Amino acid sequence: METLHQILSPDFLLRNSVYTSVLIGFACPLVGVFLVLRRLVFMGVALPQVSSTGVAVALSIPMWLGVLPGSHSAHEEHVLAFAGATIFSLVAILWLAFLERRGRGLPEGRLGTTYVVAAAMSILLLSKNRYAEVGWLDLMKGEIITVDNFDLAFTAGSLATVLLVLGLFYKELLLVSFDRVMAATLGRNVVFWDALLYLLIGLTVSMAVLSVGPLISFGFLLIPALTAHLFARNMRQFTILASLLGGVVSFVGFWLAYQWDWPIGPTDVVLLGGVYAMAFLLRSIVRWSGSKRAAAA
């Protein structure tokens with residue numbers, strides 16, 4: 001409990017890292033529920049990796065232009081990385097969505113190819129960048145130990161914008177995701193609402209990748225949503241439960257990692273996986289008990 005008191009203290013040295021981790025934990029499941037609803041789970045795997053490649057490309061540009069490290073501030077580097085992650089994420093999600101609407105090829109094949117090519121490009125860029133060890137390798141791995149006030153405010157502002165737009169247009173985005181034919185029949189512009197949803201997903205993925213890395217971003221995008229889907233009876237419960245689960249697990253994961261000196265991101269993902277396994281087992285037991293009582297009656 002002493003560790004918990006330290007983390008909750010206003011003077012805690014890593015308080016910005018805690019805030020960032022919890023923000024990502026709350027925000028990612030909010031767009032992750034739409035990926036689960038649309039059965040685009042594999043897109044949740046590919047997008048963080050593509051976003052990570054965008055970070056690598058953006059941070060390589062100064063080297064390609066002959067600009068030495070240290071000639072620009074860390075804040076400029078963060079904004080540049082965010083721009084690269086967002087552009088790559090949006091282009092990838094719009095292209096994959098376009099191919100899905102045209103119905104060409106196997107969706108799993110496209111997403112698998114996108115993932116593996118993006119991962120390979122990131123490795124190639126890292127291997128050819130002689131400045132990769134000077135800090136931004138940790139950025140791509142999602143090290144959230146050092147987060148200054150600017151980065152925290154940037155992350156909070158971006159995620160607050162996503163949350164505001166989701167709240168304002170939740171019904172339209174839900175209708176288009178749940179029943180596209182009905183949405184078109186009711187006169188909704190399906191293409192516009194699709195593009196808006198993809199923009200929100202791209203922004204959230206970009207911020208998550210910059211803060212916690214591609215692997216952990218995938219974990220927070222999908223595992224809380226999959227867990228909440230086991231128990232939620234409507235979309236409101238689905239969304240709220242997934243977001244709360246992500247936020248709580250991110251805080252508990254940080255606590256455990258700090259207590260036992262574990263890496264924070266992997267600790268969060270393992271904890272999410274454990275919660276999902278227990279939830280699945282609990283629901284199976286409840287269903288088995290219910291069917292047994294029904295048979296006895």
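Reader: Leaving aside its neighbours within four places in sequence, what is Leu222 in contact with?
Author: Leu222 is in contact with Gly32, Leu35, Val36, Val41 and Gly44. Contact means heavy atoms within 4.5 Å.

Reader: Is this a predicted or an experimental model, and how are residues numbered?
Author: It is a predicted model, in which local features need pLDDT of at least 70 and side-chain atom pairs count only at pLDDT 80 or more, while totals for chains, interfaces and linings use all residues. Residues are numbered from 1 along each chain as its sequence is written, and side-chain values use heavy atoms, with hydrogens and water left out.

Reader: Back to Leu222. Where is it, and is it buried or exposed?
Author: Leu222 belongs to helix 11 (residues 214–229). Leu222 has a relative accessible area of 1%, so it is buried. Buried means under 20% relative accessible area, exposed over 50%, and partly exposed in between, with a 1.4 Å probe and protein chains only. The C-alpha atoms of Leu222 and Cys28 are separated by 8.2 Å, and these residues are 194 apart along the chain.

Reader: How many helices and strands are there?
Author: The protein has 13 helices and zero strands. Both are DSSP runs numbered from the N terminus: helices are H or I with at least four residues, strands are E with at least two.

Reader: What percentage of the residues count as buried?
Author: Of the 297 residues, 47% count as buried. As for contacts between residues at least 6 apart in sequence, 79% join residues at least 24 apart.

Reader: Which residues have the most contacts inside the largest nonpolar core?
Author: Leu166, Leu173 and Ile201 do, in a core of 61 residues. Helix 10 (residues 190–212) gives the largest share of this core, with 13 residues. A nonpolar core is a set of buried Ala, Val, Leu, Ile, Met, Phe, Trp, Tyr and Cys residues joined through side-chain atoms within 4.5 Å. There is also a second, separate core of eight residues, including Leu14, Val22, Phe254 and Ile264.

Reader: What does Ile201 touch?
Author: Not counting residues up to four places away in sequence, Ile201 touches Val31, Leu35, Leu47 and Ile93. Thr204 is also in helix 10. With 1% relative accessibility, Thr204 counts as buried. On the same exclusion of residues up to four places away, Thr204 touches Ala27, Cys28, Val31, Leu159 and Val162.

Reader: Which residues of helix 7 are buried?
Author: Asp151, Leu152, Thr155, Ser158, Leu159, Val162, Val165 and Leu166 are. Helix 7 has 20 residues and reaches 28 Å from its first C-alpha to its last, close to the 28 Å expected at 1.5 Å a residue. The expected span is 1.5 Å times one less than the number of residues.

Reader: And helix 8, what covers its buried residues?
Author: The cover includes helix 2, helix 7, helix 9 (180–185), helix 10 and helix 12. The buried residues of helix 8 are Leu173, Leu174, Leu175, Val176 and Ser177.

Reader: Why is helix 3 said to be largely enclosed?
Author: Because 19 of its 24 residues are buried, helix 3 is largely enclosed by the rest of the structure. Gly66, with a positive phi near 85°, follows helix 3.

Reader: New topic. Which residues line the second largest pocket?
Author: The lining is Leu30, Val33, Phe34, Leu163, Leu166, Gly167, Tyr170, Lys171, Arg236, Thr239 and Ile240. On a 1 Å grid over the protein atoms alone, a pocket is an open set of points where a 1.4 Å probe fits, with protein on both sides within 12 Å along at least five of seven lines, and lining residues have an atom within 4 Å of a point. Helix 2 (15–37), helix 7 (149–168), helix 8 (170–178) and helix 12 (235–260) each supply at least two of the lining residues.

Reader: How much space lies in it?
Author: About 210 Å³ lies in the second largest pocket.

Note on methods: Points joined across faces, edges and corners; volume = space filled by probe spheres on them.
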